[in-house]
Amino acid sequence: MRILHTSDWHLGRSFHRVSLLAAQREFIDHLVTTVRERHIDAVVVAGDIYDRAVPPLAAVELFDDALHRLADLGVPTVMISGNHDSARRLGVGAGLIDRAGIHLRTDPAGCATPVVLSDDHGEVAFYGLPYLEPGLVREELGASAAGHTAVLGAAMDRVRADLATRPSGTRSVVLAHAFVTGGAVSDSERDITVGGVASVPAEVFDGVDYAALGHLHGCQAITERIRYSGSPLAYSFSETAHRKSMWVVELGAAGEAPSCERVECPVPRPLARIRGRIEELLADPDLDRHEEAWVEATLTDAVRPHEPMARLARRFPHVLTLVFDPERPPEDPLASYAQRLRGRSDRQIAEDFVAHVRGGRGPDEAERVLLGDALETVRSAAHEGVVPGEEDGVAAATAGEAAR
């Protein structure tokens with residue numbers, strides 16, 4: 001069976017205020033062409049269909065177009081919701097859409113109910129595990145503890161239990177949206193650390209023939225059976241070196257390792273990161289190759305230059321962002337705010353702020369719990385697609401109490 005693995009479309013997302021809708025439409029064209037020309041038997045989309053819980057109308061229309069075109073090809077498609085999606089909104093109409101061969105899996109309760117397809121070697125069971133927010137699904141899945149490893153482990157226990165009831169030789173494909181230990185991250189992925197340690201061990205997926213992962217935006221293989229397709233487009237300058245692609249996965253008979261081939265995605269415009277003093281950037285002939293790229297420029301001038309964006313745009317008309325990082329001796333105390341925050345979680349930043357306003361006295365254990373609860377409430381509300389004003393203000397009240 002030939003499977004096309006993709007994920008993290010993030011329909012509706014822009015790139016530093018530049019609309020990517022045309023590029024996303026071109027990707028959908030490329031996807032449909034690949035399915036047709038490569039004689040794909042099944043498509044799997046491992047979450048983050050949309051970029052936010054309440055997507056813009058143009059993104060919904062593009063998704064609708066993609067569904068119709070995939071259904072017209074007659075190729076079964078399995079999709080799960082990711083941490084950017086609202087599972088409840090994405091799952092509306094799933095029962096009806098299912099009849100067209102488009103299988104939306106957004107409800108954790110259905111994680112052990114597979115889509116079963118067949119080829120010359122027998123049956124293949126596709127299990128869709130939507131993004132599992134620990135605070136929302138722990139009780140439902142009967143997880144032994146809080147955190148991503150526990151809830152994903154509980155879901156996979158259900159998958160393996162169902163698989164054990166199926167005919168001998170049944171192969172399995174699991175779609176999951178998670179951060180698996182060993183994966184390489186980028187700046188455009190929404191943090192999922194609140195609610196427990198973000199990463200889960202690859203061993204969680206033991207016993208399946210292929211794990212089609214979403215969440216990380218770089219195409220990568222954790223093992224020969226566990227892979228991320230990555231996003232089809234670059235969504236941050238940290239992805240400058242990425243090759244955007246999808247996996248074509250060949251499943252043979254039971255017990256055989258899958259063979260995987262990368263299929264490159266269209267690149268709307270290359271990305272470039274340039275760094276130096278402004279006069280150097282304007283004069284360096286080695287930078288000619290970046291004049292048509294989307295550019296992130298980091299200026300190292302000791303004094304901020306006059307009208308730097310306008311001056312850079314005359315050479316690099318698609319410069320999108322400026323970063324100021326003046327050259328300073330290592331002992332200089334004026335480190336940038338961004339440098340101080342780099343690598344720190346939302347919870348650590350909140351606790352540091354409490355310590356700052358109290359003259360060095362950080363939160364006690366009870367206050368740490370309250371801060372964690374506030375962040376968890378906001379995260380859960382975002383995942384459920386709660387729009388400010390639609391609910392009863394619980395998240396705001398909890399956050400306010402934590403601040404006091």
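Student: What is the strand order in the open sheet of six strands?
Tutor: The order is 6-5-4-1-15-16, and the pairing is mixed. Strands are DSSP runs of E with at least two residues, helices are runs of H or I with at least four, and both are numbered from the N terminus. Two strands pair if DSSP finds at least two bridges between them.

Student: Before we go on, what kind of model is this?
Tutor: This is a predicted model: local features need pLDDT of at least 70, side-chain atom pairs count only at pLDDT 80 or more, and totals for chains, interfaces and linings use all residues. Residues are numbered from 1 along each chain as its sequence is written, and side-chain values use heavy atoms, leaving out hydrogens and water.

Student: How does strand 6 join strand 5?
Tutor: Through four bridges, and the two run parallel. Strand 5 covers residues 77-80. Ile 80 stands opposite Arg 105 in strand 6.

Student: What does helix 1 touch in the sheet?
Tutor: Helix 1 (residues 21-37) touches strand 1 (2-6), strand 4 (42-46), strand 15 (245-250) and strand 16. Its direction makes about 170° with that of strand 1. Axes are lines fitted to C-alpha atoms, for helices over the stretch in contact, and angles run from 0 to 180 degrees between N-to-C directions.

Student: And how do helix 1 and helix 2 pack?
Tutor: At an angle of about 10°, with axes 11 Å apart. Helix 2 spans residues 57-73. That makes the two helices roughly parallel, a label for angles under 35 degrees; over 145 is roughly antiparallel, 65 to 115 roughly perpendicular, and the rest oblique.

Student: Is Cys 111 buried or exposed?
Tutor: Buried, at 2% relative accessibility. Cys 260 is partly exposed, at 25%. Buried means under 20% relative accessible area, exposed over 50%, and partly exposed in between (1.4 Å probe, protein chains only).

Student: Last one: where does Thr 298 lie?
Tutor: In strand 18 (residues 294-299). Thr 298 counts as buried, at 10%.

Technical notes
Contact means heavy atoms within 4.5 Å.
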